[in-house]
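Please look through the sequence and the model before reading on.

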Amino acid sequence: MTDNHIRKVVIVGGGTAGWMTAAPLALKLGGRCEIVLVESPEIGTVGVGEATLPTIRYFNHSLGLDDADFVRKTQATFKLGIEFKDWGHVGNRFFHGFGDFGPPIEHRPAYMYWLRLSRTFKDMPSYEQWSIATAMARNNRFAPPHDEMPSVSDAYSFAYHFDAGLYAAYLRVYAMGCGVTRVEGMIDGVEQHPETGFITALKLRDGRRVEGDLFVDCSGFRGLLIEGVFKAGYDDWSDMLPCNSAQAVPCAKAEQLTPYTISTAKSAGWTWRIPLQHRTGNGHVYCDAFTSDEDAGRVLMDGLDGEAQGAPRQLRFTTGRRRKSWIKNCVAIGLSSGFLEPLESTSINIIEVAVGWLVQFFPQRDCRPELADEFNRMITERYQFVRDFIVLHYKVTQRSDSEFWRYCANMPIPDTLKHQIELFRETGHVAIYDPEGFSSSSYFSILMGLGVVPKADDPLIDALQFDRLLGHFASRREIINQVVKAMPEHGQYISLHCKAP
């Protein structure tokens with residue numbers, strides 16, 4: 001029988017996506033095939049400082065990375081969620097934390113009981129006071145959960161803020177230690193099999209050839225292989241995510257390291273603030289149809305809370321995804337596969353799941369199209385569900401102070417998202433299309449934070465007596481306050497356990 005195993009994987013492009021792909025493949029394949037990554041120092045990466053989702057911890061752990069070493073080497077801080085300012089209406093402030101609002105009661109989410117109590121008792125404290133992640137963030141405290149038996153003090157998760165360039169470099173050392181070969185050079189051409197159309201080799205500018213059986217396109221927005229060779233096509237989602245530009249600039253680090261990202265809505269988009277150990281990352285995402293680059297840059301620079309470290313870096317993008325991310329023997333991962341603005345820190349998560357699915361459906365040399373079809377189905381759904389969650393932030397708005405926000409209030413949205421909004425508005429229930437994606441607690445945080453209050457309660461929650469419910473909520477709130485008060489400050493925890501040299 002002819003040996004049909006993949007003998008050589010070629011990854012095109014370094015940066016976060018390239019090295020996040022190389023490291024797990026090197027670990028999983030264990031030397032059974034050659035892995036080569038081709039990158040050029042002449043081509044910059046998009047990474048400007050990253051905020052992540054809690055799934056990054058599981059990705060790192062799958063590689064056996066040491067948490068403290070990772071934090072030190074990437075100048076990382078901890079992230080408990082995102083604080084949203086001026087979203088929904090000017091002056092609004094709410095928090096999307098990594099955790100729930102208490103364990104289910106009689107198979108119903110705890111927040112449903114809070115909703116019922118809040119209608120009866122007008123002085124009922126905010127639902128956010130039953131989120132330990134939110135309480136920690138508001139008090140600038142951090143300690144990791146014990147990950148033991150479920151309890152009030154462990155009902156949260158966390159992610160990281162880190163320097164994307166340092167993270168890529170960190171994974172590069174790891175991957176090369178696992179046997180990955182790095183080739184430096186500019187790609188000048190692509191060779192294909194005359195009958196199958198499969199890519200057979202990359203031609204470098206200096207005349208070298210890099211042959212392979214499977215090619216992973218991590219070339220960024222260009223999509224050098226998936227679009228340049230295979231013309232995958234692109235679904236443009238600008239009609240519901242109109243922001244198409246960003247400017248990014250680091251500034252001097254803050255005296256107090258906050259364990260959360262800040263997103264502040266502006267007249268034509270929003271700004272981010274990501275605290276790292278050595279600096280603070282800042283950016284302004286906006287639509288150039290509603291503001292000029294000059295004005296957008298002014299908004300960004302005026303909002304810095306430290307001295308700018310250089311001039312803003314300009315980025316352009318079109319929100320959407322490739323119609324296919326796997327064609328023949330080419331798999332696109334990262335920006336070459338699609339782009340969704342970083343409002344909920346999903347870009348690295350989509351790389352994580354794409355790499356995981358590539359490992360799950362790892363092909364033989366014939367790259368059966370059935371594997372590609374399943375990969376494409378799953379990645380398409382992930383992009384669509386994440387898209388809907390981000391669109392939600394824009395669509396549910398009371399802002400009418402600018403043309404941009406008036407457009408967002410009236411723009412068309414997918415029927416799936418329309419159903420989610422109306423179901424919650426009318427009943428308090430949350431429709432979850434992607435069980436591996438954002439939870440009902442996340443949807444509750446965003447919808448309530450934006451001012452969508454359910455009109456009716458679940459009819460079955462009246463079975464519990466109000467005095468028992470009040471006692472339950474009061475007890476949980478007191479425990480949260482005590483636990484958070486005993487935690488160290490975020491910066492203090494870093495100094496004690498994982499401060500960068």
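Two strands are said to pair if DSSP finds at least two bridges between them. Helices (H or I, at least four residues) and strands (E, at least two) are DSSP runs, numbered from the N terminus. The structure is a predicted model, in which local features need pLDDT of at least 70 and side-chain atom pairs count only at pLDDT 80 or more, while totals for chains, interfaces and linings use all residues. Residues are numbered from 1 along each chain as its sequence is written, and side-chain values use heavy atoms, with hydrogens and water left out.

**The sheet**

Strand S1 (residues 8–12) runs parallel to strand S12 (residues 214–217), and 4 bridges join them. Within this pair, Val9 has Leu214 of S12 as its bridge partner. Both strands belong to an open sheet of 6 strands with mixed pairing, in the order S8-S2-S1-S12-S21-S20. Strands S8 (181–184) and S20 (326–327) form the edges; each has a single partner strand, so one side of each lacks a neighbour in the sheet. Helix H1 (residues 15–29) packs on the sheet and touches S1, S2 (34–39), S8 and S12. Contact here means heavy atoms within 4.5 Å.

**Two helices and their buried faces**

A residue is buried under 20% relative accessible area, exposed over 50%, and partly exposed in between (1.4 Å probe, protein chains only). The arc in the table is that of the directions from the helix axis to the C-beta atoms.

| H7 (residues 293–302) | Ala296, Gly297, Leu300 | 100 degrees |

**The cysteines**

How many disulfides does the structure hold? There are 0 disulfides, a disulfide being a pair of cysteine sulfur atoms within 2.5 Å. The closest cysteine sulfur to that of Cys218 belongs to Cys330, 9.5 Å away, which is too far for a bond. Cys287 is likewise in no disulfide, and the nearest cysteine sulfur, in Cys243, is 6.2 Å away. Cys218 is buried, at 7% relative accessible area, and Cys287 is buried at 5%.

How values were computed:
Axes fitted to C-alpha atoms, helices over the stretch in contact; angles between N-to-C directions.
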